[in-house]
Amino acid sequence: MALDILAMAPLYQAPAITRIGPKTDPSKRPADPLKPLVPSRAKLTTIEAKRIMSILDEAINKVELVTLLSYVASNREDVEGVLGEDIMRAVREHEDLCQVLLENVRCLKEKERQLQEQEEAEEEGWLRDRLLSIELQKSSLSPLTQQIKDSTKNVLRLLLSNPQAARLLQMQTQSRSAEAQNFIDSLIELRGFLFEKLVTSPMEARDKAQFIQDINRQNSNNQQIIDTLENELAERMKKRNAEEELEDLEAVHKEEKIALEELKRRHKVLVEEFVQIREEREINSKKRMEAEQEMVRMVRAATLIQAFWKGYLVRSLLRSKKKRGKGKAKGKEKGKQKGKEKGKGKK
């Protein structure tokens with residue numbers, strides 16, 4: 001059954017760095033202080049028990065090999081010289097079958113998804129044809145699944161016929177996926193439970209069951225006693241707390257009263273400081289406003305003085321220009337007069 005499950009798993013698995021611990025031999029476990037729970041025998045004595053454990057050990061060994069096929073498929077160049085041509089050919093065939101199965105499963109899921117999306121919008125005949133196609137594809141998976149199972153058995157047969165190659169492959173435990181490692185760990189844990197069951201005689205099993213029953217009964221009685229004592233303790237603590245509580249409230253009231261007085265004193269000081277600060281701010285604000293008003297008056301006065309000075313300069317400039325113009329006109333008239341007098345004298 002374990003091999004059938006692993007044969008249906010995808011060949012390529014994400015590598016997970018996990019290690020498989022060595023199989024623990026129950027005979028080497030430390031002695032349990034609870035003697036009734038520890039089997040008296042440490043080894044299997046009957047042929048049937050040994051056969052059962054042998055079958056389980058063989059299954060675990062095969063599972064360890066099968067879960068490493070993905071490593072072989074993805075590292076062909078590294079392991080081809082170690083495993084041999086026959087094993088590598090079988091692994092390649094197994095890989096091809098797994099890929100075909102995965103592709104068919106993917107297509108089947110896609111068709112089912114499309115069918116769910118369009119079953120309300122399409123006609124009844126189209127839906128019937130699509131359902132029939134899906135059922136046919138599902139039925140085709142069964143032969144392919146059987147081929148993969150046979151391919152897995154063939155690869156295992158070749159590996160088991162080559163013990164050296166099997167040992168070298170089992171050394172690549174770090175390449176096994178986390179899911180496969182968890183499965184192997186579960187099988188190893190099952191082996192431990194089965195071993196303990198096989199080495200336990202019917203009388204020891206009866207004694208163990210009786211011992212566990214007695215322990216449970218004693219535990220139940222002890223729990224009842226503990227519950228009763230806890231209830232009594234809770235009642236006493238409740239009464240005691242009601243008395244510690246009143247004293248605590250009085251002490252807290254005194255402390256809060258002292259703290260309130262201190263807060264009142266600090267509040268009074270803060271109010272006085274606030275009043276003083278506010279008065280100082282009002283005085284400073286008043287001085288600042290007066291200074292601003294004085295600055296405005298001075299600016300206006302300076303502006304008026306500048307305007308008056310500019311007007312005075314302009315008027316002075318105009319007067320000087322007029323005087324120069326009149327002087328030039330008089331000079332011209334005097335020149336003309338002298339010229340006329342000179343002309344008359346020449347005549």
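Predicted model: local features only at pLDDT ≥ 70, side-chain atom pairs only at ≥ 80, totals over all residues.
The chain contains nine helices and zero strands. Read along the sequence, its pattern is therefore a run of α elements, α-α-α-α-α-α-α-α-α. Of the 347 residues in the chain, 19% are buried.

Helix 2 covers residues 47-66, and helix 8 covers residues 178-199. The two pack with their axes 10 Å apart, at an angle of about 175°. Because of this angle, helix 2 is roughly antiparallel to helix 8; the cut-off for that label is an angle over 145 degrees. On the side of helix 2, the contact is made by Ala49, Ile52, Met53, Leu56, Asp57, Ile60, Val63 and Glu64. On the side of helix 8, the residues are Phe183, Ile184, Leu187, Ile188, Leu190, Arg191, Leu194, Phe195 and Leu198. Sorted by class, the contact of helix 2 with helix 8 has 14 nonpolar, no polar and three charged residues. The charged ones include Asp57 and Glu64 from helix 2 and Arg191 from helix 8.

Helix 2 also meets helix 7, which covers residues 163-170. The axes of these two helices come within 9 Å and cross at roughly 70°. That angle makes helix 2 roughly perpendicular to helix 7, since the label applies from 65 to 115 degrees. The crossing of helix 2 past helix 7 is left-handed. In this contact, Asn61, Glu64 and Leu65 of helix 2 meet Ala166, Leu169 and Gln170 of helix 7. By class, the residues of the contact of helix 2 with helix 7 are three nonpolar, two polar and one charged. Glu64 is listed in the contact with helix 8 and also in the contact with helix 7.

The next residue, Lys43, belongs to the loop between helix 1 (2-7) and helix 2. Is Lys43 buried or exposed? Its relative accessible area is 63%, so Lys43 counts as exposed; the cut-off is over 50%. Leaving aside residues up to four places away in sequence, Lys43 touches Phe195 and Val199. Phe195 is also among the residues of helix 8 that make the contact with helix 2.

Lys43 and Glu196 are 153 residues apart in sequence, and their C-alpha atoms are 9.6 Å apart in space. Leu198 and Lys43 are 155 residues apart along the chain, with 9.2 Å between their C-alpha atoms. Leu198 lies in helix 8. With a relative accessible area of 23%, Leu198 is partly exposed.

Which residues does Ser151 touch, not counting residues up to four places away in sequence? They are Ala90, Glu93, His94 and Leu97. With His94 there is also a polar contact, made between the side chain of Ser151 and the side chain of His94 at 3.1 Å.

Definitions and conventions:
Residues numbered from 1 in each chain as written. Heavy atoms only, no water. Polar contact = N/O pair within 3.5 Å; in protein donor to acceptor, adjacent residues only side chain to side chain. Contact = heavy atoms within 4.5 Å. Axes fitted to C-alpha atoms, helices over the stretch in contact; angles between N-to-C directions. Helix = DSSP H or I, 4+ residues; strand = E, 2+ residues; numbered from the N terminus. Parallel < 35°, antiparallel > 145°, perpendicular 65-115°, else oblique. Left-handed = near helix turned anticlockwise from the far one by under 90°. Buried < 20%, exposed > 50% of the residue type's maximum accessible area, 1.4 Å probe, protein only.
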